[in-house]
Amino acid sequence: MQPDKLDIAIIGGGLAGGLIALAIHRAAPQRSLGLFEAGASYGGNHRWSWFEEDLGPAGTALLGPFEKMEWTGGNEVRFPAHSRRLSSNYRSLDSRDFDAGLRRHLPQSAIHTGCRAQGIDAQGVTLASGERIAASAVIDCRDAGPSEHLTGGWQVFLGQHLRTVAPHGVDRPVIMDATVEQPGAYRFVYLLPLSATEIFVEDTYYADSPDLDAELLRGRIAAYAQARDWQSETLHEETGVLPVITGGDFVAYRSSLSRAGVTLAGAKGGFVHPLTSYTVPVAVENALAIAEAARGDLSRLPAFVEARAQAHWRRTAFYRLLGKMLFEAAEPAERYRVFQRFYRLPEPLIARFYAAKSTTLDKIRILSGKPPVPVGRAIKALLGKGAPLVQGQRP
């Protein structure tokens, strides 16, 4: 039975909202909570991945309840000029397993799918059905929309879970196979071997436009499979268009979305890796911090998370700088050279980069040496304002 008033209502059951709910339930089980999701299941249609060392013990424990793919033996990258095997082990979580895990480990009274929020405020949420749910604290984790206050480009992708007739021969994750054609964008194929005869193949590109041509990408995946003699059938498919943030007015962005007394979190709140879209480390870190704060005075949550959001924006400035150089200083067909050079750097530096924990020395190493783009164009790009992220879709 749902209480007359929840302690915490979380609106949006994607990665951020689900992890916040689970973290709060673990840290403060006395708190009554509700996780409200407009869709029929939590997590949407996604696959989230991360490197083993991205998470500390607490983060690893938070993801412990979920069934996930785990690979040992490292990972690979492939570029026209060189390939490299790295030692970092890899993890991946399918949204269907995320949904199942939340349903197993959250109180049944907290599960609310198929519940679209019509309006939210500091006192609760009004559902599209007209039902009003009162709450002492409201956390908004819904999907972010386009914004005139942020600038950048787009990461566009289509992934397919394939079953091959014969073993596909891929024995470890391939994070980037950029040996493929570069048609006016930085393009790579991402491979996750799910079994000897099942593999996840994703065609991804960093583009100036958010347009996603699903038939084109399906054709590219089919051609990639054919070139490797993979006879296969498609078991599942996902698509996405993610913003790659290169700058903007973050205060104005948050202000345009905020509601007095409501905590703004998740990707909508700016808690993302602005260049790579590897969101698990950021989402886990934020969920643990919010859960700890939720043990105390709930009225302080909005200000607490606001301060964390502003600190995260400042901390990730370097990655926005790199994104700006990628989109505005490099010719589209030559953008792969930026990552090709990056993957010649020391492996610990690469690991910290993906976890958004680059040190000052890391940043110097990344920017030093012969640049992969003309210096004059890079300087011009860094001085420019960039294109606003006002069009496109969110996965």
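Me: Which exposed residues sit on the face of α7 turned away from its buried side?
Reply: The model is predicted, with local features needing pLDDT of at least 70, side-chain atom pairs counting only at pLDDT 80 or more, and totals for chains, interfaces and linings using all residues. Residues are numbered from 1 along each chain as its sequence is written, and side-chain values use heavy atoms, without hydrogens and water. Buried means under 20% relative accessible area, exposed over 50%, and partly exposed in between (1.4 Å probe, protein chains only). On the face of α7 away from the buried side, the exposed residues are A303 and R314.

Me: Within what arc do the buried residues of α7 fall?
Reply: The buried residues of α7 are L301, P302, V305, A309, Q310, H312 and W313. Directions are taken from the helix axis to the C-beta atoms. Seen down that axis, the buried residues line one face of the helix, because they fall within an arc of 160°.

Me: How many disulfides does the structure hold?
Reply: A disulfide is a pair of cysteine sulfur atoms within 2.5 Å. The sulfur of C115 has its closest cysteine sulfur in C141, 16 Å away, which is too far for a bond. C141 counts as buried, at 9% relative accessibility. The number of disulfides is zero.

Note on methods: Helices (H or I, at least four residues) and strands (E, at least two) are DSSP runs, numbered from the N terminus.
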